[in-house]
Amino acid sequence: MATPTMDKLEALEADSASSHLIAVTFRIRRFNPEVSADASWEDFRIDIDPKERVLDALHKIKWDVDGTLTFRRSCAHGICGSDAMRINGRNRLACKTLIKDIVSFDKSGAVSKPVTIEAIKGLTVLKDLIVDMDPFFQAYRDVMPFLVTTGNEPTRERLQSAEDRERFDDTTKCILCAACTSSCPVFWNDGQYFGPAAIVNAHRFIFDSRDEAGEQRLEILNDKDGVWRCRTTFNCTDACPRGIEVTKAIQEVKRALITRRF
Amino acid sequence: MSSNNAVTETSSAIGVVEGESLYDVDHPAPVIEAPRQRTNKTPKATRGNFEMAAWLFMRLSGVVLVVLVIGHLLIQLVLDGGVSKIGFAFVAGRWASPFWQVWDLLMLWLAMLHGANGLRTIINDYAERANTRLWLKGLLYTATVFTILLGSLVIFTFDPNIR
C-alpha cells in the first residue's frame, strides 16, 4: 500500500534533484607560465544549480574536472576580499555572484552564452586568476591607513558622536578586494595612480574626527598620482561588491583639498 | 631556450603532448607586467598644488569658455547675416574695440591652455613609457606656446591699414 507512494516520491525527488540543474559553460582565462607564455581561454561545461555562486562553479571545476585551475578564495562569504575577478567583463566577487544573475537563457530555456571569468585587470597575472597584489597594497600602505594621534593616550575609549561616525561610515566597509582599483581605466594604464581603494581608505581616516593626520594624507593624495588623476568614470562605484560610493568618496577628498575643510 | 634539455627528466607531466614546451617549472615564461607599477621605491609625495590648480583651472575655464565660444559662434556665424559678412573689414571693425580684443585674447588663452592641459592628462593616462611621455609633452608644450604667442601678437599688433 505504501510502496507505490514511496516510489512516486522517490521518482519525484530524483526528478527534481536533476531538473533544477542547468548546463553552463564557463570560459576561463588560463595562464600558466610554466607551460606557455600566452594566456588562453578554456571552456568548462558543468551542470550547476542556478542558485549557487560562481565560486561554487569554480570549486566544482577545480575539484572534479581540472585540478590545475588556480584562484584565490578564503572565507567564501564576501568578507575576506580575496576572490575578486572579472566575471562577464565586470569586476565582482565570485562568492557573492549567483549563477542565475549572470546567465542569459535562449527561447528553448537553455543557457545561451558562456560565462567568462578572468583575472582582474591592471595587475600582473601570476597564474590563471591569481594576480600580484603587491602594487595594490603598496598604494594602500602609502596613504597611512591607521589612526594617528598626538598627546597622551586616553584612559578610556576615544568617544565620537554618531554624526561624526556617520561622516566616514561608507568607507569603513572596504574589504580591500581590489575590484574598484582594477576596474579603473587610469590604473590600467598607469599603476602609479593610487587607485580608488587607497583613496577610500584614506577617506576613512581623513574624515575621522579622532584622527590627526588628515592634513598629511591630503598632502599625499594632492600629488600627481593622487586624486586629481580621477576621471570620474564611476567604474569603481559600479564594481564595488560592498556598495561603497567610491567615486563620491574620491570627490569628497578633492573637495577637502580645495576647501581645506574636513 | 635550449637549456631545458637538462631538466626534461625531472619535469612533471604539465607540458604539452606534441612538441616540447619552451617553459617548465624551472624555466617559467615571463609574466606580463602591468605598466608603471607602484613599488615601495615609487617617488614619495612632492609638495605643491600644481595638479589641484590644473584641475580647478579645467572646471573654471570650461565654464567661461562656454560663454565665450557660444557668443563667438553666434556673432560670427549666426546673427546679422551669418558667415557671409565675415571679411577683413569685419575683423578690422571688431578689433578696433578693446572689448572684442579682450574677448578674443581671453578666448585664445583659455582655449589653448584648457586644450593643452586636457592633452597633457591624456598623455599622462595613455603613454606608458617615460620617453614617449617626454616627447609628446615636449611637442604639445611647443605647439601651445607657439600658438598662444602668435595669436597674442596678431591681436595686439593688428594693423587695419595693412596693404
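**A tour of the A–B assembly**

Select Arg27(A): this residue stands opposite Thr116(A) in S5(A). Strands are DSSP E runs of at least two residues and helices are H or I runs of at least four, both numbered from the N terminus.

The model is predicted, so local features need pLDDT of at least 70 and side-chain atom pairs count only at pLDDT 80 or more, whereas totals for chains, interfaces and linings use all residues. Residues are numbered from 1 along each chain as its sequence is written, chains are lettered from A and ligands numbered from 1 in the order in which they are written, and side-chain values use heavy atoms, with hydrogens and water left out.

**The sheet in chain A**

Colour S1(A), which pairs with S5(A) (residues 115-118) in the parallel sense over three bridges; pairing requires at least two DSSP bridges.

**The interface**

Now display both chains. In contact (heavy atoms within 4.5 Å) are 38 residues of chain A and 38 residues of chain B. The two chains bury about 3300 Å² between them, 50% of it on carbon and sulfur atoms; this is the accessible area (1.4 Å probe) lost on being put together, summed over both parts. Select Glu34(A), Asn189(A) and Gln192(A), which supply 20% of the area that chain A buries against chain B, more than any other three residues.

There are five salt bridges between chain A and chain B, each defined by a side-chain nitrogen of Lys or Arg within 4 Å of a carboxyl oxygen of Asp or Glu. One to centre on joins Arg38(B) to Asp142(A) (2.6 Å, N to O). On chain A, the elements that each supply at least two residues of the side touching chain B include strand S6 (125-127) and helix H4 (134-142). H4(A) gives the largest share, four residues.

**Salt bridges within the chains**

In chain A, select Arg53(A) and Asp56(A), whose side chains meet at 3.0 Å, N to O.

Move to Lys224(A) and Asp225(A), a salt bridge with its closest N and O atoms 3.6 Å apart. Lys224(A) is partly exposed because its relative accessibility is 46%, whereas Asp225(A) is buried at 7%.

Finish by selecting the salt-bridge network that links Asp190(A), Lys224(A), Asp225(A), Arg229(A), Arg231(A), Arg36(B), Asp125(B) and Arg133(B).

Notes
Buried < 20%, exposed > 50% of the residue type's maximum accessible area, 1.4 Å probe, protein only.
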